[in-house]
Each structure stands twice: as C-alpha cells, then as structure tokens.
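Look at the fold below before you read on. Keep the sequence at hand as you go.

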Amino acid sequence: MSQVDVGCRVSLEDAGFEVVCQAFTQALKEGKQRPGCVKLCFVGHARAGKTSTLKALADKPFDTQQRSTHGVETFVLSNELLQISKPESVAAGSTATPWGVLEGSSVRELLSKGVAKRLAQQLKDQSQKEARQETPETRQSSISRSSSRQFKEESGSHFSDFSEMQEIIKMPMDLVAKAMNQTGPEDPEQVVLQTWDFAGQEMYYSMAHVFITAPGIYVLVVDLSQWLEAVTKPASVYSCGLPVELSDSLDFWLAAVLVHAPDARLVIVGTHDDLVPPHLSCLVRGRVNEYLQKRLDNPVFHSRLYVNEEEQLLFFPVDNSRSSESSKKGLARLRRILDQLALEQAEDAGWIPTRWAQFYTVIASSDWRPFVTLEELTSKAAHFGINCQELESCLRLFHGLGQLLHFPGSPAVVLDPQWLLEAMAQVVGCPRVMQGNSHQATALLQKGELSRELLHKLWDKEKFHGQEATLRAFLEHFSLLVPVAGSTLSSPSHWLVPSLLPKRRSGPAQSDQVAQAALFFDFHGALRQLLPSLLPRLFGRLQLKHETLRGKMLCQDFLAFSMGSVFVTLELIHLEPCETLKLTVTASEETQVNHQVMSHVFELVSEGLSSCVPKLCFSTKVPCPQCPGLSGAPRHLLDLSDVLSELQLFCAASQSVFSERSLPAYLRAWRAFQLESEKGSDVPIGEQSCSSLENLGDAIFQLDFLYSSPLVYGRQPLAALDTMSELQALQGIAGLSPRVEVATFESLQDALLRKAELPTVLHLSAHIGSPMPPAKPLLLLEDQSGIAHALSEDALAAMASWEAEPYSAGTASWLFVFLACGSEQMVEHLMHTAGLRHAICCSGDVLDAAARVFCRAFYKALAAGKSVLESHSMAQSSVLHSANLGIRQEAEKFRYVVADRSPARSKAAPTALRKKSTSWTLPPPWPRVEDYASCRLIDSCRIAHAFRDRRVVVILGEQGMGKTAMCREFCGHFSAPGRLFADRVVLLDEADFKSTEMVPDKLKYVSSVIFKKIDEKVVQSGLNSSTSMVEALHQLDRLGFWLLVVDGLSEIADLGPEIILSLDSVLSTSGAMKLLLTSRTRPSLERAGSGGGFRAGKAVELPVSPLPPTAAAELFFRRAKRPLYPQDFDSVVTVTQPLQYEPSILERLAASPLLHILGGIPGRLADAAALVNSELNSLLQHPALPADWNIVDSADAMDLELQPVGP
C-alpha cells in the first residue's frame, strides 16, 4: 500500500477499513473515467525530419547532427493546455504552450489520479450520508474498528493474506487522501500524448503492422527540399516529380496507415522549409500539393486528413530550426492543431470503467517480465471483477492507446512495447560487420537469411536474456521471422527475415512457366503500392497452418511454393492505378488443375490474405475471355463471385454478354459445381441464402432504379459506374420489374413526389464527389448531355419532402436504397434535416462485387415478401458467405439506418398487396471501345448537347482519327436505359451495303437496307413488324427520341448520293429521329433532295482532332504487346526492370520521336503499338521511324537519363 502522511492516514482510518474497502469496491464496480491518453505517431522517409519535428514541438534545441532513428522511440508528452474541460484553450489564434517530456510512466499516474478521485468521491458521498445519521456511540465504534490491528485483521475477511491485498488491490491511498483534502475546484481532466517516433528506413517497414493501430493521430513527415531538383530540372529518375525511393516511401506510409489504421486522423507536415529558396517556395509547395492530391484520391483519406486551410494546402510547411518568427508561428500553429485533434480524440474515446484503469495501473507497475501470459492476466483480472470477455475489450483499448501490445492468438501480452520493438530493430538493423559472425550478417543483409547463432548474438543484451524463446514466438507470430522449410517449426534453426529479402529481378526476355490457371487479387486502388512485407508474411501464415508447404522462392514481390504435385506462384504486378496480386497454379501432367485444386488453393491464399490485412477488403478476379491481355497482364478482369454465380456472364469493358463456353475448363467446372452445391446444400453459400425465395412470381413493391454516371465533371473525365452489371444482377428475380431512369435533378425530384399504389423502393446509384475537406460531399447527378450536376447535402434535402411512412406491410410507402461509397453520411444528413426515416446505405468504401451480391440477395428476399429488416439480414449473410472470401468482411458496411423516431418494421407484406408483374428484361448492352481516350469523353457531351436543338451531327476527320470509336462510345453511353436514346439506336456502316454493281435502282436498294435495319429495331422494342418505312418510323417515334447512325459515309463512295437522299426522306418523315454521320470529307447535305429534312435539321459539324501528347502516350502504352523498358528510350541503358505506368513515364513517352511522328492519330498509334513485342529491342528501332534515323544523336538530343521504377 502506498505510504501517506500521518494526518492523511488518520482521516482515512477514521472511515474504517471496511468502509474504505466497500467504497473502493463500489468505485471499481460503478466508476467511470476518461483514459486521458492519445497516441501520436510520426512516420515518413528516413532523414525527413520526424525526430526534429517532435523536438521542435517540445521546444527542444535543434540538432543539425540529429542521428537517424532505428526501430521505434517512444516519449510521453504533456501540455498544460490539454484539458478536456477547456477546449477553448486550443482555439484558433491562441498560443499553444510547448510540450514537455514527462519522465516515468505518466499515463499510469494519470490513470491512478482518476481512480483516486473516484474513490475519494465515493468516500465523501458515503461520509456525508452517514454524518446525517451518526450518533456519539456509532462514532466511537467506528474509531475503535480503525485501529491498526483491527485494520489488518478485517482485511483478512476479504483476502487470505494481507500482502496479497497489497499486491492485488494497491489502493492509491496518498492520491485518495489528497483528493479528499482538496477544498478548491477540481483539477481539469488532463490529456497526455504518447508519441511514437518511427524509423523511416525501408528495412523497418515490416514492423509497421505491429505498432500502427486505429486510434491515434499520424503525422506524415515529408522533406520539402527533396522537390527542389524536381522543379528545376526535367523529370528523369522521378516519379511524379519525386525521387523514386521517396515516392515509394510516401506510398508505403499512406498505404500502411490506410490498411492498419483506417479510422486514424492524418496530418501531413512538410519539413526543411528553410532550405527552399524564397523564389521557389510557391513552385515547390504547389508541386508537393499536386502530388499529394493525386496520392490522396482515396475518399477514406479525405475524411480523416486535416488540411492546412489557412494556406490552402494539404500539408503544413515548417522550419524545425526556428530561425525566424514566421517559422516559430508555423510550429505554434501545428502544435495548436495537434492539441485540438488530441482533445477531440480524447473526447471521442469517451469513458472507461474505473476497474480497467486500476487494473492497468497494477499490471504496469508490477515488477513482472516485459510480457505476461493471457492466463496470468485472466487470473489477476478476476480480482477486479473483470471477466474474460471484458478483459479482451480492456486489452484492446490499451493496445490502441499504445500502452501495451495485444494481438489475438499471440503468445502473450507485451507490457513494454519498447522491449519488443527494440528486439525487432536489433534483427532488421543488423550491422554489416560483427566479430565472428560477419558472413552470417552478410547473408542476413543480402539474402534475408537468419541463423540461430546470429540471432543469439543480436540479442546478447541483459534485457533479452532468458526470453529468446518468447521473442522468437512473437516475431514468428507477426511473420517478422519465417521459419525456413526443412527446419522443425517447433524449434527452427534458420529463418527468413521478410523486410531484408531481395526483390525478384526479371527482364524482357525472361518468361515464367506457363500457368494452367490464374487468379488476381484486386485491392481496388486502396493501395498504390502493396506493402513489401505482404508476401513474406502471407507465406509465414500459410506455413504455420499447413506444414506440407514447401517454399521454392521467396522475395518481397514474388512467392513460389509447392503443395504436393501442385506448384503455386504469387506475384505483384502493376495494373493501373495500383499493384495487384497474381496467383498462378500449375500441376504436373498427371495432376491437372481442376476446380477442386483451384478452389482449395484459392481458399488457402484468401484466408491467409484476410489474416494479413484484416482491415483491407479485396476481390478475386479472373481474366476476361473477351479481352485477351498481353505479356501476362490482362486488359480486363471479371469478379470471381460473378463468374461462379447464376448471373449472365457480362464483360463491363466491352459491354457485351458472352457464353459460358468462353471460360477455361476449370472455371466452367467450378461454376457448375458451385451452382449445383447452392441448390442442394442447406448451408448458405454465396448468394444461395435467398435461392428458396423464388417461389413467388408476383410483385409486392415498385422499384424505381435511378442511376447517374456522368462523363465529365467540369472538364474532368469521371470513371464510369458499372451500372449495367448492377442491372444484370437484378435480372431473373421473380416479381421484380424496375422502372429504370437516369438520375437527373428532375427525375429524382419526380421520384420523391410520385405517389404509388404499392410500397416503393427508390434505388439510387451515383457517384459521391469527394472534394478536399472540410467541404461536404456532393451527389453527382447528370444532365441530358452527360455532364455532372453536383448537388450538396442541403440541396438534396430541400429538393422535395423525404418524410414518408417507412416501407412496411399494407401501406403505400417507400424505402431509400443508396449503395454509393460513403453514402451513410449523406443519409444521416437527410434523416436529421429532411425527415428521411429508413434507408439502406454504405459505410465507407464498398467493393463493386460485394455491392452486387448484396443488391441481388436483398431484392430477391424483398420480392419474396420478406420485410426490409429480414431482407437486409439475408443480404448481409450472402456477402458474409460469398464464394469470394475477399469481400466477406464488406458485409458489415451495408447498413440499415433507422431514424430514432421511427422503429424498424419487420413483418412481411400481406398477400393482398401482390399483383401480377410484367416481365422485365434488360436490353443488350452496346459494345464499348477498348482503351478509349478519356479526354474525348467531352466530345460525347458536345454531341449530346448539339442534339438538344439540332437533328443532324456530322463527325469529320481523316482516316484513323477515331471517328468510329467516338461514334460508338457516344452510342454506348446514351443508349443505356433511361438515357437520351434508351435502346433506340440503329447503326449502319459499310458492311451493311454490299456490292451494287448489279443493282438497277440504287436509291430503292439503299432505302430497303435502311428500312430493314429500322424494322429490326422496331421488333427488338417489342412492337409488331412494319410493312412500310412510314409505319416503322411512326412506331419508333412513339417510343421517344431515337438515333440513326451511318458510320463511314465517305467510304461508301458508290452509294453516297443515294444514302443522303434516303436519309433526307427519313428525316422529313420522322419527327423524333436524330441522325449521326461520320465521314472523312464534308458531305453535301444542303441540296440533298426535295424532302427538306437536312435543311430543317440544320446539321452541326464536329471535327475530330488528334489526341493530346499525354493521351496518345497512354494509348500507346496500353496497346503495346510488351512492357516498356529504359532501353526503349536510350539504347545504352541495359536495365531489365520494366517501367511502371506513371505520369512521368507517359510524359517521357509523349516526348519521344516515335510518338512525334505518329502525330496523336489513334489508328497510327494502335498499329505502331502492335509492333512493340519481344522481337523489338527498343522503340528507337521501331519500323515507323525513318530509315535515316540516327539512334545515338536522337538519344543525346533527349538529354535525359531514364531509370526504372524500383531497384
């Protein structure tokens, strides 16, 4: 028990031991307090200035010779202004007091003060209560019981031994006495910062997943002086204007925070601002800001990033030398902001049970080992009334606060994180020269091979003595050490160190063994660069679970292992905009790769990935048979969950449906097996949890499906939503007949105002804009021209009344389904401001594959008469049990949000509401153009805008300019359901007009061809076949605007005049037809004929220009038959590492002589790219270059030395 002064002891003993124990027990049972601690982490590249920034914030002298941090260093900082009761102390403009470093375990002391305050308050309340009932006799009896002998004896009634009570309970009596004697106002609740200063060297990257936790604030430090050369010289070895090693480092830390702490706050700091000359300061800051904006295109970062509003930057420039008043103000502003975030974090942490605080205080102050087993902690926690389930939550809390390390399944709980982190740092920071072990140190640093002898030498410190076995168990559990195959896993003698493994080196002439099957694990752009420790950690997890695995080759970016006669490889490949994991499986001739082998390998690897990156979702994909790739990199991928489901096979890239026969044999067998198992199994697999619901064929609700996928936002191209795949997923659901419309302002408002006889579900599929914080999110609708119409939350709430009875049985009410990424925030705003009651929405980013599985299962259940609550639960179950393991953890992101004032209804719809539904089929999608230049999407908007008041548009351009591609892209977008020409496009091209040498009446022949095509569209629209052109035109006119396209008018030279005359007649007869022509030369339309169709239509000409240099380089890069290498630009270079898809590489390619000659004409670019194969050693030897081309002179003229991305 703590020693207290005599005066204090008397006042406590007057209360009596029994009373104190009772009050303490009651305080532990019912008391609550704030943790009062926030984790502040400094991360970034080596020598970026992390430690100097931390010292500057603590007002420590600047050290120009500051050594590099190795491993992790921790400090506890305090600021007297960090008081939860005084948030105004860190308001903008206030002076932020420098932080002070606290010695000792200040977090433990802070928690002890909180426990003491709760106990003192309990004693005061009890004393006041007893004082009102006290008599002289009871007072004397109380004093008598408080003698030292009785005090000790009575303690035995609670504990078998008084020393045990002292050891276990450890009541902070001195702090209690101080709190009881305090007469003035209570001290404000303090917040301290537990800072972690991480080493930035690449060798320490593998430790990131151990110490990065979700609660906390992360300060990413960037060296501004590294951009100086990038802004003064052309880019050569730079990635987006930054040296490759620094770019990779920045990508790693952004990825590490996103993967392991997606909910943490992020602040970016630019150091060494004093080294940037004043005349280059604006240029450097602008370049850094532009670079970060491209890297931070993930909406998750947008919501958690704290930006520099004052200077309109994404980062805070600082000068840690504090050489000027402005630099001191910059640091004070940064300190004030971190203070504010710390207070917000402490406020969000809420309250914890007092027994947790006292339990941690006791175990942290015990003279235990730096670790303790879970069994020992469980036994000790029982004395505090903490059961096993509560203990798990308690340990998880203090792990998040950085006070201990606790991971499910780990050998023990680490009470001293610095002990474990230092042991890790000893391994990865092994010196090159060690007396008697130099050759082993060389093997470790060059090959990542670690022997038991060297490990014993590295841990030859007093703090590690006698604990090597536990340390090895920890490092193996975290996959920081991977036992070498052939060693006994229970007692290995050799390990591989993932962070020190080399990278695989491959050249253009090297080819891998041809795989029999391939899968791709796609992380959907969440990572621009997968963590370098991923594959080694994955192999470590697999080997721990399956001892039969035999590693064949292990690198940071490549893994090969065998499972019996099956050979498996995992490789990181670059598919824009991020790296993707490619899985290939090969078997011997006797053992073919069938669906059983592939499904076993798939589940094995998927489970391993899920355990390595538990907070990051991924989807599994297969190469699309419709879009064959080149050099092992497919052009398009299909979700495995879609391929294995009952859905029609659909290629989103080409917008085409294809047959199951196009799939590889193992996939066809896998699909058949999966569908058969879903029919016969009682256990829900994939989507079959709703398969039994298809016994009802009558509609019980109306589905309004509104979607928006604008082509451009301003002049910025937008990624297209895969709406057709969403609609494909809804096909075949009995009782479902959606009303499909484009989500414009008017259509959305009409849907809100529309009164339906049946309960209505409003399903909105649209982009949510992600402007930089603190701006609120925007809903991107589209107008008739395909241009985005941004709608704020307030405008969305004000457009119409959202208040209605929730979707329920027996009432004509409605439900809002909005499955866009991060739609929960917008839904909650509508609930608070516009009266919305029930909605299905998404929390955070959601994978498309998961959304399709959820959507189909939800509507299948709803159409079968299930309630919204039941349907949501069944749909979540479908995602949770999906055949695609990577999307299972997405299930919890689909939220059923209910306003507080309106409880969820759960009863099913009655039979009386059912009525016969009309059959619904999705029209066949329009085939899209592969690798279409995004810069030309604005031309589609221009065509659509011209059609608003004109009837004829002519696209003009020379051969190969891309007229057909532009025409087909326009038709593909605007023929989608609900758009301007919804499935009402008739296409004519040169192939429709055969040789006319024997045709006596060319005009009649042309008219018959046009009539035949138009009548086919009439029949496809569900109408009766027409007997004449006039009848066919009138039938199509009744459906709305429709489009007639004649592609290649100038190529049909012998029928040109007749075609124009026929089109003139059609224009004059039809009132709803629009006409789109493509031609190399300007056609004569004004004097077409007596019909006057062209004169009334007022044709608009749209000349097609060559592609801009960057867009031309992008098309060439994508169409090349092999990757590009440095020798493609400089014949002297012999580096074999392929170049990655980066803006700097595209700029280099755009400036090359070859692309200058091709002139940005898409046809020429595609033809030239087709010749870039393994037989062409360099672009400087391309056949398209003139014969007198001088390679040496041209390479010198470029005056740039190109290096590959990576080592």
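**The whole chain**

This is a predicted model: local features need pLDDT of at least 70, side-chain atom pairs count only at pLDDT 80 or more, and totals for chains, interfaces and linings use all residues. Residues are numbered from 1 along each chain as its sequence is written, and side-chain values use heavy atoms, with hydrogens and water left out.

The chain has 42 helices and 44 strands. These are DSSP runs, numbered from the N terminus: helices are H or I with at least four residues, strands are E with at least two. Of the chain's 1207 residues, 56% count as buried. Buried means under 20% relative accessible area, exposed means over 50%, and partly exposed lies in between (1.4 Å probe, protein chains only). Now take the contacts in the chain with a separation of 6 or more: 74% of them join residues 24 or more positions apart. A contact means heavy atoms within 4.5 Å.

Helix axes are lines fitted to C-alpha atoms over the stretch in contact, and angles run from 0 to 180 degrees between N-to-C directions.

| Helix pair | Angle | Axis distance |
|---|---|---|
| H15 and H16 | roughly 130° | within 11 Å |
| H16 and H17 | about 110° | 10 Å |
| H22 and H23 | about 115° | 9 Å |

Angles under 35 degrees count as roughly parallel, over 145 as roughly antiparallel, 65 to 115 as roughly perpendicular and the rest as oblique.

Start with helix H15 (residues 354–365) and H16, whose axes cross at roughly 130°. That angle makes H15 oblique to H16. The crossing is right-handed. Handedness is read from the near helix: turned from the far one by less than a right angle, anticlockwise is left-handed and clockwise is right-handed. Phe-359, Val-362 and Ile-363 of H15 meet Leu-377, Lys-380 and Ala-381 of H16. This contact has five nonpolar residues, no polar ones and one charged. Here Ala, Val, Leu, Ile, Met, Phe, Trp, Tyr, Cys and Pro count as nonpolar, Asp, Glu, Lys and Arg as charged, and the others, Gly among them, as polar.

H16 (residues 374–382) also packs against H17 (residues 388–400), at about 110°. The two helices are therefore roughly perpendicular to each other. They too cross in the right-handed sense. On the H16 side, Leu-374, Leu-377, Thr-378 and Ala-381 make the contact; on the H17 side, Cys-388, Leu-391 and Leu-395 do. Six of these residues are nonpolar, one is polar and none is charged.

Further along are H22 (residues 534–545) and H23 (residues 595–612). H22 passes H23 in a right-handed crossing. H22 brings Leu-534, Arg-537, Leu-538, Arg-541 and Leu-542; H23 brings Leu-604, Val-605, Gly-608, Leu-609, Ser-611 and Cys-612. By class, that is seven nonpolar, two polar and two charged residues.

**Strands**

Three strands form an open sheet in the order E15-E17-E16, with antiparallel pairing. Strand E15 (449–451) and strand E16 (482–483) are the edge strands, and each pairs on one side only. Two strands pair if DSSP finds at least two bridges between them. E16 and E17 (residues 494–496) have two bridges. Pro-483 has Trp-495 in E17 as its bridge partner.

Elsewhere, strand E28 (residues 702–707) and E31 run parallel, joined by four bridges. Phe-705 has Val-740 in E31 as its bridge partner. In a regular strand the side chains alternate between the two faces of the sheet.

Tyr-360 is found in helix H15. Is Tyr-360 buried or exposed? Tyr-360 is buried, with a relative accessible area of 6%. Leaving aside neighbours within four places in sequence, Tyr-360 is in contact with Leu-111, Phe-398, Gln-403 and Leu-404. The C-alpha atoms of Tyr-360 and Leu-395 are separated by 8.8 Å, though the residues are 35 apart along the chain.

Ala-48 sits in the loop between strand E2 (37–44) and helix H3 (50–57). Ala-48 is buried, at 3% relative accessible area. Beyond neighbours within four places in sequence, Ala-48 is in contact with Val-221, Asp-223, Thr-271 and His-272. Leu-220 is 172 residues from Ala-48 along the chain, and their C-alpha atoms are separated by 9.6 Å.
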